[in-house]
Amino acid sequence: MIILEKIINKNNEVYAQLSYEPLKNYLLMKWVGKCSDEEIKSASLLMLDWQVKFGWRKKCHFHVHNTKELEVAWINLIDWINNELFSEAYNFGLRYNVSILSPDLFSKLSSFELHKSGNKKVPTVLFDSISSAEKWIRTKNIELR
């Protein structure tokens with residue numbers, strides 16, 4: 001795993017960490033604690049920026065969001081994620097959004113809502129663990145070749 005960036009808030013606290021897993025070819029955002037909609041949007045745009053600059057060349061088709069430690073609802077961003085973020089990322093090779101579910105009820109409900117919204121170009125797939133997501137990604141990577 002290659003750590004690309006630790007993303008900090010106004011209080012100089014890390015609320016997200018962006019990494020790339022070259023052996024399994026996915027981009028990972030690990031979310032931590034509480035953050036605002038604007039902070040989530042800002043960190044998500046870093047994923048898009050990486051996908052535009054590097055992801056399409058690496059044929060990276062998966063963005064994984066580990067929300068296990070996220071303690072906030074982000075349901076207000078679903079339209080933006082589906083209509084803007086995913087649409088642009090799709091143009092640069094993104095095919096699946098993977099969410100590792102948080103035990104926090106509000107974060108988990110946001111993930112369920114994104115999954116339920118059913119973006120046709122970049123569907124969201126839900127998992128309880130990174131290991132189960134990685135098994136699924138391995139299978140899908142073979143299919144996408």
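Which elements each supply at least two residues of the lining of the largest cavity? They are α1 (37-58), β4 (62-70), α2 (78-90), β5 (96-100) and α3, where helices (H or I, at least four residues) and strands (E, at least two) are DSSP runs numbered from the N terminus.

This is a predicted model, in which local features need pLDDT of at least 70 and side-chain atom pairs count only at pLDDT 80 or more, while totals for chains, interfaces and linings use all residues. Residues are numbered from 1 along each chain as its sequence is written, and side-chain values use heavy atoms, with hydrogens and water left out.

A cavity is a set of points on a 1 Å grid over the protein atoms alone where a 1.4 Å probe fits but cannot get out, and lining residues have an atom within 4 Å of a point. Two cavities of 30 Å³ or more are counted, a volume being the space filled by probe spheres set on the points.

| Cavity | Volume |
|---|---|
| Largest | about 160 Å³ |

Of the 14 residues that line the largest cavity, W31, I40, H65, W74 and I81 are the closest to its centre. The lining of the second largest cavity includes S44, M47, H63 and H65, and α1, β4 and α2 are the elements that give two or more residues to this lining.

S110 has its place in helix α3 (residues 105-117) and counts as buried (under 20% relative accessible area, 1.4 Å probe, protein chains only), because its relative accessibility is 1%. Neighbours within four places in sequence aside, S110 is in contact (heavy atoms within 4.5 Å) with A73, W74, I75 and I78.

Conventions. Buried means under 20% relative accessible area, exposed over 50%, partly exposed in between (1.4 Å probe, protein chains only). On a 1 Å grid over the protein atoms alone, a cavity is a set of points where a 1.4 Å probe fits but cannot get out, and a pocket is an open set with protein on both sides within 12 Å along at least five of seven lines; lining residues have an atom within 4 Å of a point.
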